[in-house]
Amino acid sequence: RFQGDQLLPYTHVLLQNLLFSFSSGTQSVTVENFLRVLTGRLPPSTPRSKRLLSDDRSNILIYLTGHGGNGFLKFQDSEEISNVELADAFEQMWQKRRYNELLFIIDTCQGSFGNLFKYNLNIYFFTLFVFQHQPDLAIGVHLMDRYTFYLLEFLEDIHPASKANMNDLFKVCPKSQCVSTPGHRTDLFQRDPASVLITDFFGSVRKVEITTETVNLTDPIKFIHTITKLHPHPDPPLLLFLLHPPSSPLLPVSPQKPKQKDWHPPDGFILGLWTLILMVFFQTYGVKHLKHIF
Amino acid sequence: MTEMATTEVEHRRGQLAALSIAAVVIVVGVPLWWKTTETYRAWLPVSQIQELAKLELQLSADVEVVFARGTVPPEQQKKMPLTQTQEEDHAVDEDTALKYRYETRYRTATVMEEDALNKPTAAEADLALHMLSESPCGSLVIYVIPESSSQLPQDADVYIGQRRTALLRVVEQMRAAKTLEQLLHHLQPQIKQVLRVMSFSRADITAALSDRVRFHPGSKESVADSMRAFKSSPGYEITFSLLNPDPKSHRLYWDIEGAAQTYIQPLLTKMSPVANFSIDSQTLHYTMLGVNPRYDASRGAYTLNADSLAHVINPVEARLGSNAASSNPVLNFLLYVPDAHHSPLYIQDHHKQEVPSNAFHSPRWGGIMVYNVDGYYETEAEFPVDININMAKVMGVFLAQLRLLLGVQSSPPPTGFLVAPCGSTGLADWELDRLMWSRSVENIATATTTITSLAQLLDQIGNIVINDNIAEQVSSAVASLQLAVAELEAGNLGFALQFSKEAILASEKAFFDPSLLHLLYFPDDQKFAIYIPLFLPMCVPILLSLLKIASEARQKRREKQAKKD
C-alpha cells in the first residue's frame with residue numbers, strides 16, 4: 001500500500017506556508033492524537049511543534065481525506081471518528097476560544113455532516129461525495145479524486161495577494177465535472193461567505209503595523225563580564241532540531257480503563273455459551289420443566 | 001393423589017427456583033454490573049462553580065486629590081480633609097457585571113509638597129514629589145495646581161508623570177467656584193478623565209473580558225487594539241534574532257547580552273508581578289527576507305512598501321526555531337541587515353513616506369527592524385567588513401515594540417493631556433498599575449470561563465473519568481478565584497493579580513489534563529448490540545417464569561374471590 005507519498009506532488013501547494021501541519025508522520029495520525037491536538041489535551045512533555053498553539057484570532061483549516069461513511073470518517077483505514085466526537089471537539093475549542101474561524105474540508109465519501117451542529121460555532125464546511133479521477137497508468141489504480149484535482153487546480157492559481165473569496169471556492173467542483181455532489185454548509189458561519197478571502201485560510205498573510213514610536217535610550221551598555229567577550233565574535237547559531245523520528249507515534253496517555261484493543265472472543269461465542277447453559281439445564285432437570293418457564 | 005402432590009411440590013420448587021434466580025439477579029447482579037461499569041468521578045464543587053458563572057467584580061481605586069496654594073480660597077480650606085466615595089456600575093452582559101469604586105480623599109498640600117510643586121518644570125516637580133512619598137500600587141495622587149503655574153505648556157492642562165502622580169491645572173471656570181463643593185463639581189470631569197487614563201476605563205475592562213464576553217467592537221481601530229497585545233499568560237519568551245543574509249560582505253557584531261541586560265531587563269524586572277520572562281538570542285546567516293524590494297531611483301535606495309510586509313513573516317518564521325520545552329507565547333524580535341547588493345533598504349508606509357524607525361511589528365508575534373549598514377564603510381572597502389551595531393538605537397525600537405505587544409501602551413491620551421516619556425525602565429508606574437488591573441480582570445474572566453465550561457463538559461459527557469488530581473486543581477482554582485475577587489474588592493491589586501494567576505494556572509491545568517479525552521462515546525445502538533447477547537438469553541426465562549407466577553397468583557386470587565362470594 002502506498003502511504004501517501006504518491007500524493008505529495010499534488011498536495012504540496014495545500015501544505016506550503018501553513019503554520020502548523022499535523023500529518024508529520026503517518027503512524028501518528030490516529031483519532032486520539034487528532035482529538036488531542038485539537039482540544040489541546042496533550043501530555044506536558046509534548047514539544048511546541050506538536051501542539052496547536054492557536055488563540056482566539058487564529059483561522060484554522062482542517063482538511064480530512066480518506067474514506068468515510070454515514071456519520072463517520074476513517075482514519076488510516078483502521079479507526080474511525082464519529083461526527084459526534086468531532087462536534088464535541090469543535091465545541092470545546094470554541095468554548096476555550098481556540099479559533100476565530102474554521103474551514104473544514106472533507107474529501108471523503110458521504111462527507112456530509114449535516115446533523116452535527118447545534119452549537120453556534122464559526123465553522124465552514126466544504127464536503128463532498130467523492131468520485132474517482134482518471135487512473136494512473138503506471139500503477140493501475142486511481143490516485144486522486146476529481147474533487148481533489150479541481151480543488152488543487154483552483155488553489156494553484158491563488159497567490160498571496162489574491163482576492164478570491166469563499167463563493168469562488170464553492171463553485172470549484174460543479175456536478176457536471178465532478179460527477180459527485182459537493183456540499184457546503186455556511187449557516188454556522190457569522191460572516192457572509194462572499195466577504196471571506198481564500199487567503200484568510202490558505203495564504204500566509206499576516207497583519208502588520210508600522211512602528212511609529214521609539215524609546216530614547218541614553219544609558220551606556222553595561223559591561224557583562226563573561227569569557228567570550230574577550231574575543232568578540234557573532235553568536236553561534238542556535239540549532240534547534242525538533243526530531244521527528246518517523247516511526248514513533250505520539251505516546252498516548254494510558255486512560256483509566258484498559259483499552260479495548262485486546263483479544264475479542266469470536267462472534268457468536270456468547271450466544272453459544274448461553275445456549276449451552278440452557279441446554280445443560282434442561283438436560284439435567286428434564287424437559288418437563290420447560291412448561292414452568294414458557 | 002401422590003402424583004398431584006408431587007407435581008404440586010415440583011411446581012412449588014419451580015416457582016421458588018425462578019423467584020430466587022430473579023432475586024439474585026436483581027439484588028446482586030444489577031448493582032454489581034452498575035458498579036463495575038461506572039466511571040470514577042471525583043467530587044467537584046459544582047455549586048461554587050455555578051456561583052462563579054455569574055461574575056460580579058468590584059474594582060476599587062484609592063485616589064488622593066491635593067490642592068496646592070492658590071487653588072482653593074482659604075475659608076474653604078477648613079472643610080478639608082474630605083473623603084468621598086463614588087460608585088459606577090458597568091453591566092457588560094447578563095452574566096457579567098462590574099462596579100467601579102473610587103475612594104477619593106481631598107486635602108491641601110503640605111509645605112514640602114508646595115516646595116516640590118514650585119519646581120520650574122513638571123518633570124522636576126514629579127521627581128521631587130516622588131522623593132517625598134511613594135504611592136502604593138493601585139492608588140493615584142492628583143495635584144491641583146493654580147492657573148498661574150508655568151510648568152505646563154499652554155495647550156495642556158494635565159501632566160501625567162512617570163510614577164503615580166498627575167498634575168492638574170485649574171481652568172478659569174473652576175476659579176469662579178465659590179464653595180468647595182462647587183469646585184469639586186467642576187473638577188469632576190477632569191478627574192474622571194485622569195482616572196480613565198491612569199487606572200482603568202470601561203474600554204480597557206471590556207477588552208480584558210473578551211474571553212468571557214463575545215463582543216463585536218465597533219470600529220476597526222478598536223479591533224486592531226484588542227488584537228495587538230498578547231493574551232495574558234504566566235510567562236513569555238523573548239527571542240532576539242540577528243539576520244545576516246550576506247556574511248561574505250558583512251561581519252556583524254552585536255552586544256546583545258549587554259544590551260538586553262541594560263535596556264530590556266529593567267522593564268522585565270518591573271513587570272515580574274505580571275509575568276515571568278526569559279530572553280534568548282540567536283544569529284541566522286544566509287536568511288533572506290523572502291520579499292523582493294523595489295529600487296527607487298529618486299531616493300537611490302531600495303524600498304519595501306507596506307503591503308509586501310505582510311508576506312515577510314511566514315517564510316522567516318520557519319527558520320527561527322524556538323524553545324521546544326515550554327509552551328509560553330514567544331515574542332520574536334528580528335534585526336535584519338540587508339545584503340550589500342540591496343543596501344540601503346527603507347520601509348515605506350501606506351502614504352509612501354519613509355518610516356523613521358525603519359521597523360514594523362505584527363500583532364501577537366513580534367517585530368522586525370531593518371538596520372542599514374551602508375554608511376559604515378566605503379564602496380571600495382575590502383569585504384568582509386566588520387560592523388558594530390548600535391544597540392541603543394536598536395533596543396529603542398525593540399523596546400517600543402515590546403511595550404505595544406505586551407499591552408502596556410494602548411490608545412493615545414485625550415487632548416490636553418501631556419504624558420511624560422517613560423523612564424529608563426521603559427515603563428511608568430501607572431502603566432504597570434493599569435496593566436495589572438486589566439490582567440487581573442482578564443485572568444479572572446478566563447479562569448471562570450474555563451472552570452464553568454469544564455464543569456459543563458464533565459456534566460454533559462457522563463463517561464469521562466474525573467481523577468482526583470483534576471478535582472484538586474478545580475477546587476484550588478475555585479478557591480483562588482474567590483480570593484482574587486475579594487482582594488480586588490478590597491483594593492489590594494498586587495494580591496488580586498497573584499491569586500488570579502494561580503487561578504488561571506490551576507484551571508488551565510485541569511482543563512487541559514490529558515486524561516480528559518472522551519473516547520468513550522458509544523451510540524445507543526452499539527450499546528444495545530453489546531448487552532443483548534449477554535443478558536437477553538438469561539433474562540428471557542426469568543421474565544417469563546415471573547410472569548407465569550404472577551398470572552397463577554392472580555388466578556388463585558380470583559378463585560378465592562369466587563369461592564368467597
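Please find B:Lys548 and B:Glu552, whose side chains form a salt bridge, with N to O at 3.4 Å. Keep in mind throughout that this is a predicted model. Both residues belong to helix α16 of chain B, which covers residues 524-564. They sit 4 residues apart, about one turn of the helix. B:Lys548 has a relative accessible area of 25%, so the residue counts as partly exposed.

How many salt bridges does a search of the whole structure find? Over all chains, the number is 17. One of these joins the side chains of B:Glu64 and B:Arg105, at 3.2 Å from N to O. B:Glu64 is in strand β1 (residues 55-67) and B:Arg105 is in strand β3 (residues 96-108), both of chain B, so this pair ties together parts that are 41 residues apart in sequence. B:Arg105 is partly exposed, because its relative accessibility is 36%.

Next, B:Glu113 and B:Arg107 make a salt bridge of their own, 3.1 Å from N to O. Buried or exposed? B:Glu113 and B:Arg107 are both buried. These two residues, together with B:Glu64 and B:Arg105, are linked in a network of salt bridges.

Staying in chain B for a moment, look at B:Asp433, in helix α13 (residues 429-460). Its relative accessibility is 3%, which is under the 20% limit, so B:Asp433 counts as buried. Beyond its neighbours within four places in sequence, B:Asp433 contacts residues including B:Cys137, B:Arg164 and B:Leu493.

Now the interface. Chain A gives 69 residues to the contact and chain B gives 94. Between them the two chains bury about 7500 Å², with 60% of that on carbon and sulfur atoms.

Which side chains meet in a salt bridge here? They are those of B:Glu508 and A:Lys96, at 2.9 Å from N to O. That is the 1 salt bridge found across the interface of chain A and chain B. There are also 14 residue pairs in polar contact across this interface. On the side of chain A that touches chain B, α3(A) provides the largest share, 6 residues. The residues of that side divide into 31 nonpolar, 14 polar and 24 charged.

Last, the strands. β8(A) is joined by 2 bridges to β14 of chain B (residues 359-362), and the two run antiparallel. Within that pairing, A:Ile210 has B:Phe360 as its bridge partner.

Technical notes:
Residues numbered from 1 in each chain as written. Chains lettered and ligands numbered in written order. Predicted model: local features only at pLDDT ≥ 70, side-chain atom pairs only at ≥ 80, totals over all residues. Heavy atoms only, no water. Contact = heavy atoms within 4.5 Å. Buried area = accessible area lost by both parts, 1.4 Å probe. Salt bridge = Lys/Arg side-chain N within 4 Å of Asp/Glu carboxyl O. Polar contact = N/O pair within 3.5 Å; in protein donor to acceptor, adjacent residues only side chain to side chain. Nonpolar A, V, L, I, M, F, W, Y, C, P; charged D, E, K, R; others polar. Pairing = 2+ DSSP bridges. Buried < 20%, exposed > 50% of the residue type's maximum accessible area, 1.4 Å probe, protein only.
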